[in-house]
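User: I have a new model open and would like to walk through it with you. Could we start with how you use the word "contact", and then go through the residues?

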Amino acid sequence: MNKKELLLKSALFLFVKNGIDKTSTLSIAKRSDFSNGTLFHYFKTKNDLIIELYLILKTEMFEHIYSGNIINSKNLKEMIKKGW
């Protein structure tokens, strides 16, 4: 697991445990055994980290739920319609 992945994993753990608002970037960095500067090397802001984490989780969820149906979908619109 690379540094960015470790930071995302730590952020997810702390967001679930403490909530997003009560989780500082410093606490995410410390949990990952990195400096706050390392976190900001990968993510310009805390919001950027949250967005990237959201997109990763959404993609993983979508792939898990629809792994068998994606191949059979004729187009993106049909695939999204099935998902919602």
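Analyst: When I say that two residues are in contact or touch, I mean that they have heavy atoms within 4.5 Å. Please keep in mind throughout that this is a predicted model.

User: Good. With that in mind, what does Ser-10 touch, not counting residues up to four places away in sequence?

Analyst: Setting those neighbours aside, Ser-10 touches Ile-28, Arg-31 and Ser-32. Ser-10 has its place in helix H1, and its side chain makes a polar contact with the side chain of Ser-32 at 2.8 Å.

User: Is Ser-10 buried or exposed?

Analyst: Ser-10 counts as buried, because its relative accessibility is 8% and the cut-off for buried is under 20%.

User: Let me step back a bit. How many helices and strands does the chain have?

Analyst: The protein chain has five helices and zero strands, so that, read from the N terminus on, its elements run α-α-α-α-α. Of its 84 residues, 24% are buried, and the chain exposes about 6300 Å², with carbon and sulfur atoms supplying 59% of that area.

User: And what share of the contacts with a separation of 6 or more comes from residues 24 or more positions apart?

Analyst: Residues 24 or more positions apart account for 47% of those contacts in the protein chain.

User: Which residues make up the largest nonpolar core?

Analyst: That core has twelve residues in all, and they are Leu-7, Leu-8, Ala-11, Leu-14, Phe-15, Ile-28, Ala-29, Phe-34, Leu-39, Phe-43, Leu-49 and Leu-53. H1, H2 and H4 each supply at least two residues of this core, and the largest share, five residues, comes from H1. As general background, nonpolar side chains tend to be buried together in soluble globular proteins.

User: Pick one of those for me. What does Leu-8 touch?

Analyst: Leu-8, which lies in helix H1, touches Phe-43, Leu-49, Glu-52, Leu-53 and Ile-56, once residues up to four places away in sequence are left out. Leu-8 and Leu-49 are 41 residues apart in sequence, and their C-alpha atoms are 7.4 Å apart in space. Leu-8 is buried, with a relative accessible area of 8%.

User: Switching to charges, how many salt bridges does the structure hold?

Analyst: The structure holds one salt bridge. Glu-52 forms it with Lys-4, and the closest N and O atoms are 3.0 Å apart. The pair links distant parts of the chain, since Glu-52 is in helix H4 (residues 46-66) and Lys-4 is in helix H1 (residues 3-18), 48 residues apart.

User: Are those two buried, exposed or in between?

Analyst: Glu-52 counts as partly exposed at 25% relative accessibility, and Lys-4 is partly exposed as well, with a relative accessible area of 27%.

User: Then what about Lys-46, which backbone oxygen does its side chain reach at 2.5 Å?

Analyst: The side chain of Lys-46 reaches the backbone oxygen of Thr-23 at 2.5 Å, and a polar atom of that side chain also lies 2.6 Å from the backbone oxygen of Ile-20. Lys-46 is found in helix H4 and is partly exposed, with a relative accessible area of 23%. Leaving out residues up to four places away in sequence, Lys-46 touches Phe-15, Ile-20, Asp-21, Thr-23 and Thr-25.

User: Where does Thr-25 sit?

Analyst: Thr-25 is found in helix H2 (residues 25-31), and it is buried, with a relative accessible area of 13%. Apart from its neighbours within four places in sequence, Thr-25 is in contact with Asn-36, Leu-39, Phe-40 and Lys-46.

User: Last one: what is phi of Asp-33 near?

Analyst: Phi of Asp-33 is near 65°, a positive value in a residue other than glycine. Most residues other than glycine have a negative phi. Asp-33 lies in the loop between H2 and helix H3 (36-42), and Asp-33 is exposed, with a relative accessible area of 69%.

Key
Residues numbered from 1 in each chain as written. Predicted model: local features only at pLDDT ≥ 70, side-chain atom pairs only at ≥ 80, totals over all residues. Heavy atoms only, no water. Salt bridge = Lys/Arg side-chain N within 4 Å of Asp/Glu carboxyl O. Helix = DSSP H or I, 4+ residues; strand = E, 2+ residues; numbered from the N terminus. Buried < 20%, exposed > 50% of the residue type's maximum accessible area, 1.4 Å probe, protein only. Areas by Shrake-Rupley, 256 points an atom, 1.4 Å probe, with all protein chains shown as cover. Core = buried A, V, L, I, M, F, W, Y, C linked by side-chain atoms within 4.5 Å. Polar contact = N/O pair within 3.5 Å; in protein donor to acceptor, adjacent residues only side chain to side chain.
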